[in-house]
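Dear colleague,

Please find the structure below, handed over for your study. My findings follow it.

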Amino acid sequence: ISANLSKTGTADGLFTLKADRSVVLGADKTIGLGGGDGKLDVILNANAADNGAGKILLNAGSSIVTNGGNLVMGGGTCSTSTWSCTGAATGLPDIYGWREGIFLGDPNSLSSALVTLDTSSAGQGGSIWMKGQGWKDNYGSAHGIYSGNATITTGGGNVTLIGRGGYGVEVSDNYGVYLDSGTSVFTNGGALNITGMGGSGDYSSYNYGIYTYGATLDTSKSG
């Protein structure tokens with residue numbers, strides 16, 4: 001996505017982006033409200049064919065703002081009844097920044113601009129749900145979900161993160177969910193559910209299910 005996408009008008013809306021391969025939101029681009037009211041539910045559905053080839057990348061400075069709508073990021077078939085997906089966004093066999101199933105930040109590590117995910121509103125905030133799978137063929141740093149510089153705010157909605165690190169014969173440092181030092185999560189009373197499975201193989205090491213490095217995780221505040 002190389003342009004800003006916005007909803008206008010007062011009615012609630014739904015934005016679904018579905019791809020058999022990857023979904024990429026460009027640097028400093030926004031999905032959100034364009035001066036209107038109402039909620040905007042957002043579904044980013046990569047790897048829609050569930051064939052293990054399609055990640056989600058939200059580049060540095062990008063943002064998704066829903067005004068109380070739900071945000072879903074995953075693979076396979078995504079549902080508006082459960083606000084979840086049957087499969088995972090899946091990393092690709094490439095350099096760091098593309099092996100992860102879901103990556104929030106600059107894959108080239110050149111920009112520290114924040115990725116913003118905000119589902120809060122004046123009333124009950126929307127939920128955020130993500131599922132990612134690292135590339136599974138003898139690669140390191142193939143995390144299920146990686147968040148570098150990002151602020152995630154729900155205003156009472158739940159946050160669910162599900163990730164599995166890449167697996168193969170020789171893998172290391174493949175975390176299920178990796179929340180790095182630039183990450184902040186604020187739910188203001190909403191639940192924070194993190195499920196991670198590290199990568200595995202015949203010769204593997206340091207494959208943690210959940211790994212946080214200086215991230216701020218606060219379920220009592222709004223930010």
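Isoleucine 31 has isoleucine 64, in E7, as its bridge partner. The strands involved are E4 and E7 (residues 63–65), which pair in the parallel sense over two bridges. Strands here (E, at least two residues) are DSSP runs numbered from the N terminus, as are helices (H or I, at least four), and two strands pair if DSSP finds at least two bridges between them. E4 (residues 30–33) also pairs in the parallel sense with strand E1 (residues 5–7), over three bridges. In that pairing, serine 6 is bridged to glycine 32 in E4.

This is a predicted model, in which local features need pLDDT of at least 70 and side-chain atom pairs count only at pLDDT 80 or more, while totals for chains, interfaces and linings use all residues. Residues are numbered from 1 along each chain as its sequence is written, and side-chain values use heavy atoms, with hydrogens and water left out.

Next comes the interior. In soluble globular proteins, nonpolar side chains tend to be buried together. A nonpolar core is a set of buried Ala, Val, Leu, Ile, Met, Phe, Trp, Tyr and Cys residues joined through side-chain atoms within 4.5 Å. Buried means under 20% relative accessible area, exposed over 50%, and partly exposed in between (1.4 Å probe, protein chains only). The largest nonpolar core has 28 residues, and Leu58, Leu117 and Met130 touch the most other members. Strand E5 (residues 40–45) gives the largest share of this core, three residues. Apart from it lies another core, of six residues, including Ile43, Val72, Cys78 and Trp83.

What does methionine 130 touch, not counting residues up to four places away in sequence? Its contacts (heavy atoms within 4.5 Å) include Met73, Ile102, Leu104, Leu117 and Ile145.

Two further residues are buried. Asparagine 45 lies in strand E5 and counts as buried because its relative accessible area is 4%. Leaving aside neighbours within four places in sequence, asparagine 45 is in contact with Leu17, Lys18, Ala19, Val23, Gly74, Gly75, Gly76 and Cys78. Alanine 142 is found in the loop between strand E13 (128–133) and strand E14 (145–147). Alanine 142 is buried because its relative accessibility is 0%. Its C-alpha atom is separated by 8.6 Å from that of glycine 97, 45 residues apart along the chain. Beyond four places in sequence, the residues that alanine 142 touches include Arg99, Trp135 and Tyr175.

Most residues other than glycine have a negative phi. Aspartate 28, in the loop between strand E3 (23–25) and E4, has a positive phi of about 65°. Aspartate 28 is exposed because its relative accessibility is 54%. Aspartate 50, in the loop between E5 and strand E6 (56–58), has a positive phi near 55°. With a relative accessible area of 46%, aspartate 50 is partly exposed.

Finally, there is the matter of pockets. The residues lining the largest pocket number 16, and Asp106, Ser109, Tyr146, Gly148 and Asn149 lie nearest its centre. A pocket is, on a 1 Å grid over the protein atoms alone, an open set of points where a 1.4 Å probe fits, with protein on both sides within 12 Å along at least five of seven lines; lining residues have an atom within 4 Å of a point.

With kind regards
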